[in-house]
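I set down below what I looked up in this structure, entry by entry. The confidence scores follow the first entry on a pocket.

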Amino acid sequence: MSDRPTPEEERSALAGEYVLGTLDARRARAVERAMAEDPALAAEVAAWEARLAPLQRVAPPEAPPPGLWDRINDSLGEARPAPPRPRRDWLWKGWSFGASAVAAGLALLLLVRPPAPAPERLMTVLLTSREQPAWLVEAGPEGIRLAALNRQPAPEDRALQLWALPPGATVPVSLGLIPRDGGSVAVSATAIRPEPGMLIEITLEPPGGSPTGRPTGPIQFIGRLAPARGS
Amino acid sequence: MDGEAPLPALIEAIAAGDRLALRAVYMRESTRLFGIATAILRDRDAAADALHDAFLRLAARARQFDPARGAAEAWLGGIVRHAALDLARRRGREMPSDDPTLGDAAVEPAMLETLDAEAQGRRLRACLETLEPRSREGILLAFVHGLSHAEVAARLAEPLGTIKSWIRRGLLRLRSCLA
């Protein structure tokens, strides 16, 4: 067995380095931008913030200089006010704060009693016709994410198209084309709702994708989503 | 907004534009948060700039707080750490590094003792103690004192590449230990 980290470990290590603060400015910005579009990365960063949070206590408390609040207040005065939120009557407001407090209590409970009951995570590895692992697929309520395990670009005059076939369905749904040079692909849950038993496949299609809306070329990689065990 | 309200409720009020709630958070948390920024920047003026930036970020991002992802105190501390780290990066991380409190490996056991105050900290400490010592030191120096990979490498007198891979390995090990 090799010690090479899996793509999932790579992502976690990157999230951990971001939280630790060792990334340079350029890479830190890149992680922040990616978090906005990649819920799994954002979740992993949040998980690292929570894991390492006790270390915040290592820094001894120290009183800030007098006048700092006034400076903050002045800076905010110049800024535009926050956009108004929908008005709620006092009953809703009270309910909402109560809910936050309950949620905070729940969060505390989760911290002392891990693992958290996360929404169901699904995964599979797409294999080639020779049973070689090619793509790691992770799915959850937010969508589907693919990470290349062994990137092999499509032939110049062909495109790779991603499809999902829900259990019981006969016609696969197109999830779009795989970018030619991308090592990872994210598909939001608006296109498809991942479920256990769903087939995920990648076919070879004409440039621009299948003209018929159904797979026309040979299957290059295929796998079936199943619940992820442990982490 | 009642200044005695729980922190998550104050953060929700800040999201609605409540300046008094922001002030209440400042009054309650600024000593702890300024300590975090000072440990990273080792310069009171710079730490004040970082805390200033952090509170502007808090005002802008309060609606992103998700109590399901962690405690409010930790979330606030994270905002301050990242504001301080950004400032450190802009300054080329040229902070005074001869600070006697930042130092040698001898400081480390004392650093870890502060984790014992609560259960989550004790678990983290137990996991940190399973790491190779240099991997652990690198992680602590980076998190608490904002050292870059290069600064950790210089402090521990090890090649940069070695430090990077130790820290990565240490992180992944911590993750599985805490799972």
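Entry 1: What volume does the second largest pocket have? I read a value of about 740 Å³ for the second largest pocket, in a model that is predicted. I then looked up the lining, which comprises 24 residues. Closest to the centre of the pocket are Met35(A), Val45(A) and Glu49(A) from chain A, with Gln64(B) and Trp75(B) from chain B.

Sorted by class, the lining of the second largest pocket holds twelve nonpolar, eight charged and four polar residues.

**Entry 2: confidence.** I recorded an ipTM of 0.91 and a pTM of 0.61 for the model. The mean pLDDT of chain B is 89, and 89% of the residues score at least 70. Where in chain B is confidence lowest, and where is it highest? I found the lowest mean, 75, in helix 5 (residues 108-113) of chain B, and the highest, 96, in helix 3 of chain B.

**Entry 3: Arg136(B).** I located Arg136(B) in helix 7 (residues 133-145) of chain B. Is Arg136(B) buried or exposed? I class Arg136(B) as buried because its relative accessible area is 12%, under the 20% cut-off. I also looked up a contact of this side chain: a polar atom of the Arg136(B) side chain lies 3.4 Å from the backbone oxygen of Leu131(B).

How values were computed
Residues numbered from 1 in each chain as written. Chains lettered and ligands numbered in written order. Predicted model: local features only at pLDDT ≥ 70, side-chain atom pairs only at ≥ 80, totals over all residues. Heavy atoms only, no water. 1 Å grid on protein atoms, 1.4 Å probe; cavity = no way out; pocket = protein on both sides within 12 Å on 5 of 7 lines; lining within 4 Å. Points joined across faces, edges and corners; volume = space filled by probe spheres on them. Nonpolar A, V, L, I, M, F, W, Y, C, P; charged D, E, K, R; others polar. pLDDT = per-residue confidence, 0-100. Helix = DSSP H or I, 4+ residues; strand = E, 2+ residues; numbered from the N terminus. Buried < 20%, exposed > 50% of the residue type's maximum accessible area, 1.4 Å probe, protein only. Polar contact = N/O pair within 3.5 Å; in protein donor to acceptor, adjacent residues only side chain to side chain.
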